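Hello,

Here is the structure I said I would pass on. My notes on it follow below.

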Amino acid sequence: MDPHVDNANRIAGSTRHGVVEKIDHSGNRVRIRTGQLLTDWLPMSHGRAGATRDWDPLTVGEQVTLQCPSGDLSQARLLPSLNSDNAPPPDGASADNTIREYPDGARWEHNHATSESRLTVPAGGSIVLTAGASSITIKNNTITIKTPHIVLDAPDTDATGNLTVHDLLSYLSGMVGRGRVGRHAAAIQGDIIHHDGLMQSNGVVVHTHTHTGVHAGDNTTGAPVANGQDASA
């Protein structure tokens with residue numbers, strides 16, 4: 001063969017486009033169909049493969065570019081994937097955002113113009129964040145937080161629905177509240193122990209109040225007197 005023609009063919013074949021036809025995930029390798037040719041197994045390329053490592057495997061039918069030294073497919077290396085008619089950019093793609101979509105419908109997006117990040121998974125999926133002994137699991141209808149200790153460091157905290165505490169409830173700076181229409185302000189079942197202070201109801205202190213109309217014998221006393229009032233009045 002004319003060496004000039006051979007060199008031209010090698011140069012022309014040094015860069016090829018193809019699609020992924022076979023994947024060996026355990027071996028981290030793929031075979032690429034380029035024209036009528038099917039490559040041997042080639043290592044998959046990832047964003048990082050050192051002390052920082054990525055695992056983002058290619059998918060069957062994904063369009064890629066092959067860099068082939070001297071046109072030799074046996075030495076081909078994969079370059080980043082290319083969008084195609086069957087795999088266009090995700091909806092909402094723009095100059096302001098980074099988007100990652102997954103086959104199950106999950107989607108991660110960061111918009112650097114608004115500094116907003118969104119991670120969405122379909123119903124039935126979950127998001128799990130773990131740090132040591134602590135974890136947060138977000139599911140369709142529940143959020144579960146597991147940790148040895150939680151600190152809510154905020155001047156004000158609002159709970160808009162019912163709140164159930166299954167173990168001891170302690171407070172250090174008092175408790176103030178009121179009942180909603182049709183509900184008691186408080187309903188407690190069980191013993192109440194009170195000490196070191198006043199227990200007062202409508203102006204009457206339980207342990208120091210007096211009664212009007214006190215008589216010896218079996219008579220019933222009058223109503224209790226609010227503290228500070230004269231029992232004889």
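The protein exposes about 18900 Å², and carbon and sulfur atoms supply 51% of that area. Please keep in mind that this is a predicted model. Of the 233 residues in the protein, 14% are buried. The secondary structure consists of one helix and 16 strands. Taking contacts between residues at least 6 apart in sequence, 23% join residues at least 24 apart.

As background, nonpolar side chains in soluble globular proteins tend to be buried together.

Strand 5 also holds Thr65. Is Thr65 buried or exposed? Thr65 counts as buried because its relative accessibility is 7%, and the cut-off for buried is under 20%. The side chain of Thr65 makes a polar contact of 3.3 Å with the side chain of His17. Beyond neighbours within four places in sequence, Thr65 is in contact with Thr15, Arg16 and His17, and also with Arg77, Leu78, Leu79, Pro80 and Leu82.

Last, the aromatic rings. The structure holds zero aromatic pairs.

Regards

Conventions:
Residues numbered from 1 in each chain as written. Predicted model: local features only at pLDDT ≥ 70, side-chain atom pairs only at ≥ 80, totals over all residues. Heavy atoms only, no water. Phe/Tyr/Trp six-rings, centres within 6.5 Å; stacked < 30°, edge-to-face > 60°. Helix = DSSP H or I, 4+ residues; strand = E, 2+ residues; numbered from the N terminus. Buried < 20%, exposed > 50% of the residue type's maximum accessible area, 1.4 Å probe, protein only. Contact = heavy atoms within 4.5 Å. Areas by Shrake-Rupley, 256 points an atom, 1.4 Å probe, with all protein chains shown as cover. Polar contact = N/O pair within 3.5 Å; in protein donor to acceptor, adjacent residues only side chain to side chain.
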